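Thanks, everyone. Let me put the model on the screen, and then we'll go through it piece by piece.

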Amino acid sequence: MDIFVQQLINGLVLGSIYALVALGYTMVYGILGLINFAHGDVTMIGALVSATLIQLLHAAGLPVPVSLLLAGGGAVIVCASLGFSIERIAYRPLRNAPRLAPLITAIGVSILIQYSAALIWGKQYIALPAIITPPSIEFAGAQINHLQIAIVILAACIMGGLIWFIHHSRMGRAMRATEQNPAVASLMGVDTHAVIAMTFLLGSAIGAIAGLMVILYYGIGHYFMGFMLGLKAFTAAVLGGIGNVGGAVIGGLLLGIIESLAAGYIEQLSGGLFGSNYRDIFAFLVLILVLLLRPQGLLGQRSGDRA
Amino acid sequence: MTLHSKPIMIRTIMSSLVLSVGLLGCGKEQPPAKVEAPAPQPLIIKIGSASPLTGPQAHIGIDIRNGVQLAIEDLNAAGIMIGDQKATFELVAEDDEANPTKATTVAQKLVDAKVAAVVGHFNSGASIPASKIYADAGIPQISPGSTNPDYTLKGYPTTFRVVAHDGQQGPTLARFAINTLKSRSIAVIDDSTAYGQGLADNFEATAKELGAKIVAHEHTTDKDTDFKAILTKIKGKKPDLIFFGGIDPQAGPMIKQMQDLRIKARFMGGDGVQTPNFIKLGGAASEGAMASIPGLPKDKMPGGNEFLAKFKTRFNQDVELFAPMGYDAVQVLVAAMKRAGSADPAKYLPELKNTQHQGVIGPIAFDEKGDLKNAPITIYVVKAGQWEPLEVIQPEPVAAAAESSPAPAAPGATAPTAVKK
């Protein structure tokens, strides 16, 4: 039982991180119908920038909470500007181009960011020295440390805040309007360019926080880490119904928990036929099943051309 | 394996090169070596040495060459009789630049120079393509430092090495875990690479033979950083040791996550884990972790201190790493020539297989593939943020090795030739 609880906790933490990254995919897709493949790499930049800043600030003798806060703030600023620039340089000029064109530039931008990071940080693994050793508490026989609790709570606050923002703020209403019909929204006086830029800004800022969480949680990062993280988050977004913010949250949490439980129990369930190395296959199998039964994803919109 | 870390373990295998070089090697006609010179003339025996003498690995290559040279000088000073003739040994040293292509050129050059034997190469990526050329010419080759298992798996009778290969680490680590650490239930994790999985499987097989219970064998990849799920599963099985076949970018976060989950088991790995980077990544959690490296620390070699002093006097510099292996390789070759009474490779090669030699690095005997039998392996432990030698797994004594060997030992051949004076 304690092992099961522990796996659930592992999955919940992992899922929270997936969900945060998935928000960036789903927001952009909802508004532009574009899969921003560079988003995983924006998260990677967030992780590496925070790692560097934490080390610098810690070396400068600042107390740990202050340096974490400043590093997170720095990463958010860097990633938000990066997301804004990506949209301005790589996507806006292609706004009316065929849908394949921005997809290709997205892949191009992704590779550009990866190798720029390789130039800046090198191709080695970047290790974050253990400056915090979060105390852990025992819950139903499972270990939870304060960092894990902080990740889950912070992720929940960000997700809740974002949903509130989209449904109750002026900008949020403009975002929803642009999502439904960019041309009409524009005629009604919504500055759709500004709305789209804001979407990228928000998504990237949330990605930066996810990056900070990854680097704190695992203590290790490298220039290629955004690829797998991005792929998983994208999967989570599709699972929940791409374009739907609540769906991204549910998809992320579900994917994290499925992965943990699959790694823990797949061997028993399959009678030793599959090992824990099949956990990713299992996660994608669930995705395929969901899409077969509900092509729009768990909470997806029912419009024909989406998802 | 070891994608990064020590340059001594560069093992790029260029199998295509083996092919192209094979064609090249076939064209050369090997004139019969003229070793049966008229009686009054002293017998001149050329020994080839091939290693990187220039480039970033030059310090290691020169170290090997110096080891070979020292052995040759010792043998010439001792006055060795091969058959009824007094032999004089000559060094032919070549630079392979740690480059597989250059290695084959150098190999052909040594063959053309009619060397009786070759000590080399250092890099597995160089030794493997060169081995084909030596095999075609029938010239014995002893590598002092190539650890890729493939080197001796080509089926050439001329290929030997005097260093433990990667596949010998697993069983040795398993014996250490069970006999010394008294581990009874063990969980194994590998990173699904040829190196990691091979190491883990070798470890598991020996551990099972010795009666330990393998409670789990989990797999991850060489890109992953999240091991919480598999570690949690392992925690439920309550092992007293976790063995990881893989390299430091995974091992570091893994040991951290073990600590997060309060897993009390010991952590053990192979040479991919025995790096400063592991300690950096693992932080305080890496304390007490164990990992191995093939070979002995140089000051722990049976003939180590004497050799180190002699080497220092002769070359006015310290032994880097593989000079003792180069030295012993020559001694082993010459001992075989003495037993066969000939420096003709065709005549002394069978004797080389019966080698039972007490060398600087310890007892030397070859198995049927040409690998070092009971090769020594050193186990290190992280203490106060540093890797420190914990225990040297000494090879079993030569006599015991001979008993367990199915090959009939030639009478008289088993007497170890004394090298130390």
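**A strand and its partners**

Start at one residue pair. B:Ser292 has B:Ile379, in strand 14 of chain B, as its bridge partner. Before I go on, the ground rules. This is a predicted model, in which local features need pLDDT of at least 70, side-chain atom pairs count only at pLDDT 80 or more, and totals for chains, interfaces and linings use all residues. Residues are numbered from 1 along each chain as its sequence is written, while chains are lettered from A and ligands numbered from 1 in the order in which they are written.

Helices (H or I, at least four residues) and strands (E, at least two) are DSSP runs, numbered from the N terminus. Two strands pair if DSSP finds at least two bridges between them.

Back to strand 14 of chain B, residues 377–383. Strand 11 of chain B, residues 290–294, runs antiparallel to it, joined by 5 bridges. Strand 15 of chain B, residues 386–393, also pairs with strand 14 in the antiparallel sense, over 7 bridges. In that pairing, B:Tyr380 has B:Pro389 as its bridge partner.

What sits in the hairpin of strand 14 and strand 15 of chain B? There are 2 residues between the strands, and B:Ala384 takes a positive phi near 50 degrees.

How many residues of strand 14 of chain B are buried? The count is 5 of its 7, so the strand is mostly covered, where buried means 20 or more other C-beta atoms within 10 Å of a residue's own, exposed means 12 or fewer, partly exposed is in between, and C-beta atoms are placed from the backbone.

**Chain B as a whole**

Chain B holds 13 helices and 15 strands. Of its 421 residues, 57% count as buried. Look at sequence separation next. Among contacts in chain B with a separation of 6 or more, 70% link residues 24 or more positions apart. A contact here means C-beta atoms, placed from the backbone, within 7 Å.

The domain assignment gives domain 1 (7–27 + 36–164 + 299–374) and domain 2 (167–294) for chain B. Those bounds come from an automatic or database domain assignment. The C-alpha centres of the two domains lie 35 Å apart. Their contact takes 4 residues from domain 1 of chain B and 4 from domain 2 of chain B. On the domain 1 side, the residues divide into 3 nonpolar, 1 polar and no charged. The classes are simple: Ala, Val, Leu, Ile, Met, Phe, Trp, Tyr, Cys and Pro count as nonpolar, Asp, Glu, Lys and Arg as charged, and the others, Gly among them, as polar.

Why does B:Ala103 count as buried? Because B:Ala103 has 32 C-beta neighbours inside 10 Å. Leaving out residues up to four places away in sequence, B:Ala103 touches B:Ala50, B:Asp96, B:His121, B:Ala126, B:Pro129 and B:Ala130. B:Ile128 is 25 residues away in sequence and 9.3 Å away in space, C-alpha to C-alpha.

**Over to chain A**

Helix 8 of chain A covers residues 192–218. Its 27 residues reach 38 Å from first C-alpha to last, close to the 39 Å expected at 1.5 Å a residue. That expected span is 1.5 Å times one less than the number of residues. Helix 8 of chain A is largely enclosed by the rest of the structure, because 22 of its 27 residues are buried. Just after this helix, A:Gly219 takes a positive phi of about 70 degrees.

**Where the chains meet**

24 residues of chain A are in contact with 24 residues of chain B. On the chain A side, helix 1, strand 3 (142–145) and helix 10 (245–269) each supply at least two residues. Helix 1 of chain A gives the largest share, 5 residues. By class, that side has 10 nonpolar, 12 polar and 2 charged residues.

The model scores ipTM 0.83 and pTM 0.71. Chain B averages a pLDDT of 82, with 84% of the residues at 70 or above. pLDDT is the predictor's confidence in each residue, from 0 to 100. In chain B it is lowest in helix 13 (residues 398–404), at a mean of 37, and highest in strand 5 (residues 141–143), at 95. Over residues 1–30 of chain B it is below 50, and this stretch has 49 contacts in the model beyond near neighbours in sequence. Residues 396–421 of chain B are also below 50, with 32 such contacts. Where pLDDT is low, the predicted coordinates should not be read in detail.

Conventions: Two residues are in contact if their C-beta atoms, placed from the backbone, lie within 7 Å.
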